[in-house]
Amino acid sequence: MIDNCLHEYPDDRLAELIKEADPKIVGIFAATPMIRSAIRAMEIARDSKSGVFVAMGGPHPSADWKSMIEEYGVDAVGIGECDTSFPELVKSVLSGNRNLAGFRGTAYRNASNRAVLNDPCSYVENLDDLPFPAFHLMQVEKYFSKGHVWGVVQKEKRNLPIMATRGCP
């Protein structure tokens with residue numbers, strides 16, 4: 001996992017990291033304020049790894065899925081809450097199947113390079129059924145040392161937010 005909002009790697013270093021990882025899939029989160037850097041990360045991924053599958057999720061791609069696919073070349077967009085269907089899409093792509101018809105909660109680029117919107121996902125009825133973040137895969141101390149302020153009131157630097165409700169935070 002590379003969190004470039006945290007690390008702020010220059011383009012050449014990000015390209016090196018992608019080459020070293022040699023991924024089959026690159027997943028990128030984007031809220032609207034970060035969409036330009038997300039698109040740049042996708043371009044770097046494509047330049048660094050031929051044939052890599054690029055998926056985006058988050059508020060901006062969810063709202064603007066058609067242009068993300070048709071104008072920017074994203075392969076798939078996870079739309080809204082796709083916590084249960086998106087892992088299945090990843091498994092499918094990793095097994096070599098890039099036919100994404102029927103994966104609920106996603107839009108994808110078809111063979112004609114057109115955006116296709118699948119049916120929406122159903123909501124997760126019990127949010128407690130979702131797994132906690134895999135903090136063991138993250139360099140958590142770097143988040144603390146950077147000193148992000150996650151809310152209006154924050155008494156100390158050692159905290160990490162979890163979005164535990166639906167809707168705009």
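Reply: The account below begins with the sheet and then turns to selected residues and a pocket.

The model is predicted. Its chain contains seven helices and five strands, and these follow one another along the sequence in the pattern α-α-β-α-β-α-α-β-α-β-β-α. Of the 169 residues, 34% count as buried.

The five strands form an open sheet, and their order within it is S1-S2-S3-S4-S5. The pairing in this sheet is mixed. In general, the strands of a sheet pair through backbone hydrogen bonds, either parallel or antiparallel. From one strand to the next, the twist averages 20°.

The contact between S1 and strand S2 (residues 53–57) can be described in more detail. These two strands run parallel and are joined by five bridges. Within this pairing, Phe29 stands opposite Gly57 in S2.

Helix H4 covers residues 59–63, and Pro61 lies in it. Pro61 has a relative accessible area of 0% and therefore counts as buried, the cut-off being under 20%. The C-alpha atom of Pro61 is separated by 8.4 Å from that of Ile35, although the two residues are 26 apart along the chain.

At the other end of the sheet order, the loop between strand S4 (106–109) and S5 contains Asn113. The phi of Asn113 is near 60°, a positive value in a residue other than glycine. Asn113 counts as partly exposed because its relative accessibility is 43%. A second residue with positive phi is Glu8, at about 55°, and Glu8 is not a glycine either. Glu8 belongs to the loop between H1 and helix H2 (11–21). With a relative accessible area of 56%, Glu8 is exposed, because that value is over 50%.

Cysteines may also be of interest. A disulfide is a covalent bond between the sulfur atoms of two cysteines. For this model the disulfide count comes to zero. Cys82 is in no disulfide: its nearest cysteine sulfur belongs to Cys121 and is 5.7 Å away, whereas the criterion requires the two sulfur atoms to be within 2.5 Å. Cys82 is buried, with a relative accessible area of 12%. Cys5, by contrast, is partly exposed, at 42% relative accessibility.

Rolling a probe the size of a water molecule over the atoms shows where empty space is left. The second largest pocket holds about 180 Å³ of space. Its lining consists of Met1, Ile2, Asp3, Leu6, His7, Tyr9, Leu17, Leu137, Met138, Gln139, Lys142 and Tyr143. Helix H1 (4–7) and helix H7 (140–146) are the elements that give two or more residues to this lining. By class, the lining of the second largest pocket has eight nonpolar, two polar and two charged residues.

Definitions and conventions: Residues are numbered from 1 along each chain as its sequence is written. This is a predicted model: local features need pLDDT of at least 70, side-chain atom pairs count only at pLDDT 80 or more; totals for chains, interfaces and linings use all residues. Side-chain values use heavy atoms; hydrogens and water are left out. On a 1 Å grid over the protein atoms alone, a cavity is a set of points where a 1.4 Å probe fits but cannot get out, and a pocket is an open set with protein on both sides within 12 Å along at least five of seven lines; lining residues have an atom within 4 Å of a point. Grid points are joined across faces, edges and corners, and a volume is the space filled by probe spheres set on the points. Helices (H or I, at least four residues) and strands (E, at least two) are DSSP runs, numbered from the N terminus. Ala, Val, Leu, Ile, Met, Phe, Trp, Tyr, Cys and Pro count as nonpolar, Asp, Glu, Lys and Arg as charged, and the others, Gly among them, as polar. Buried means under 20% relative accessible area, exposed over 50%, partly exposed in between (1.4 Å probe, protein chains only). Two strands pair if DSSP finds at least two bridges between them. Axes are lines fitted to C-alpha atoms, for helices over the stretch in contact, and angles run from 0 to 180 degrees between N-to-C directions.
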